[in-house]
Amino acid sequence: MIDRREMLMLMAAMGSQIQWGDVANAANRATTAAEKTIRYSPSLASLNTHQLPAWFDDAKFGIFIHWGLYSVPAFAPLGANADPGAADAMRLSPYAEWYENTQKFPDSETAIYHRKQYGDAPYSAFRAPFEKAAAGFSAQDWASVFHDSGARYVTLVTKHHDGYLLWPSKHRNPKRDYWHSKTDIVGRIASAVREVGMRFGTYYSGGLDWTFNDARLDNGRAMMMSMPHDETYERYCQSHYLELIEKYRPDYLWNDIGYPSTESMLKVVTHFYNSNPDALINDRWISARDLLTRSPEEQLALFKQFAVYLRDHRPPPPPHYDVITPEYATSLKPMEKKWEATRGIGLSFGFNARETEEHLMSAKGIVHLLIDCVAKGGNLLLNVGPRGDGTLCPMQVARLRDVGAWLQVNGEAIYGTKPWRIAEMETANGRKLRFTMRGEHIYAMVLDEKKEPLNLDGIEGFANKTGQLISKLGAFAQVYKYSAKA
């Protein structure tokens, strides 16, 4: 049966006006669902039978949050990511959340900025202003904006590569004292997004932690070679994951870069799946120990294999995962499993105060990206980078609200849909189209502003059919609804 703690969580999730009888009924339903849960064991054979939960495929649109000490300086070079194979690729990283590493290049824009603004102050000096902001930020305000954007789930960075934890963990950093937030940021955001009906997931950097290995990372290869994987770090990561699962009950574990060992990963994921029937994980769990204990010749062969995946802006896959996560992909295509494209509204995930309107995607661009993802079988995880003071950037908020307005009218062509037999096409008169389907309806979404009428007679089954125009928000994308019946 459901325990008292779970009963109280259900009450909190349902609101203060709920009646005890309703809570009991919900508890019984939860217990029944739990009893039907498949039990997994920590083996690939068992975990690879796991099915993607329907909620994730139906949701289509999620919000990523990168907020940390790096949000205080809020600085990064402007421009696209350099070739990760370049000798000094990371010197030019446009990711503000990489501030601590980029600063280690003495001639980088970030290092020059830091010396000018902060002198010889260490990165840890950003802890005090960040903690002040964390104590006073409004998770409810954030959740309201995310909900109004039309997104259905939120994934929060709980630990980025700098190692700073966004919750007061029982498992303290053995390398750096007090390297965690006194405010339970994870708990506050988890509660706030659930209160508005959204799912909650946690990001955790398992592959990098600059408190365990502070070597400067020059490029992609150096990044992979720097992954800590000793037993101390393995226990540290595993303890954090088990704590996050038990304390915050996320539906999605979004690991980054890699993970200390396959054995530990299997234990974490088994516990996760067995404790949550709606659980899923991403694809960034490659074993650091397996890679870095091989011979140089074997490592070289693996890096050549990795390059095949990196060309599609996706990580090399681990032995088990649920979702592929291409990052800032320049073109999207159907993949062998469910996938989720991720990127920032601008050039960075963490807030970069240098970015202006011209560096950010327009609301129209975001809508088109979402449509392209969904038509090809993917989701979109769009990042929001809160500012160092705990407020959201108005330029980002305006775009989210506009996207939400479009989805409020046209959401039936997005949520809960499946790819149609044709994902994209351009008609003879130049209309750029994407397609989805749900039940007995096919949706044609027009990604141009041409005035010519939409004529799909050339597509098998569409001769003499007239689509119902759902919305005239042509500044973003028009949506036509057709019957799938012959």
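How many cavities of 30 Å³ or more does a search of the whole structure find? The search finds two. The model is predicted.

## Cavities

The largest cavity holds about 50 Å³ of space. Its lining comprises I345, G346, S348, F349, G350, F351, N352, E355, N383, G385 and Q396. By class, that lining has seven polar, three nonpolar and one charged residues.

The second largest cavity holds about 30 Å³. W67, G68, L69, Y70, V157, H160, D162, Y164 and L166 line this space. Here the classes are six nonpolar, two polar and one charged.

## Aromatic pairs

The count of aromatic pairs comes to 38. One of them joins F75 and Y113. Their rings are stacked, with 4.1 Å centre to centre and 10 degrees between the planes. The pair links distant parts of the chain, 38 residues apart. F75 lies in the loop between β1 (61–65) and α5 (99–102). Y113 belongs to helix α6 (residues 109–118). F75 has a relative accessible area of 8%, so this residue counts as buried, the cut-off being under 20%.

## An aromatic cluster

Six names make up one aromatic cluster: F64, Y95, Y203, W254, Y328 and F349.

## Charges over rings

R152 sits over the ring of Y415, with its charged end 3.5 Å from the ring centre. R216 sits over the ring of F105, and there the charged end is 4.1 Å from the centre.

Terms used. Residues numbered from 1 in each chain as written. Predicted model: local features only at pLDDT ≥ 70, side-chain atom pairs only at ≥ 80, totals over all residues. Heavy atoms only, no water. Phe/Tyr/Trp six-rings, centres within 6.5 Å; stacked < 30°, edge-to-face > 60°. Helix = DSSP H or I, 4+ residues; strand = E, 2+ residues; numbered from the N terminus. Buried < 20%, exposed > 50% of the residue type's maximum accessible area, 1.4 Å probe, protein only. Lys NZ or Arg CZ within 6 Å of the ring centre and 35° of its normal. 1 Å grid on protein atoms, 1.4 Å probe; cavity = no way out; pocket = protein on both sides within 12 Å on 5 of 7 lines; lining within 4 Å. Points joined across faces, edges and corners; volume = space filled by probe spheres on them. Nonpolar A, V, L, I, M, F, W, Y, C, P; charged D, E, K, R; others polar.
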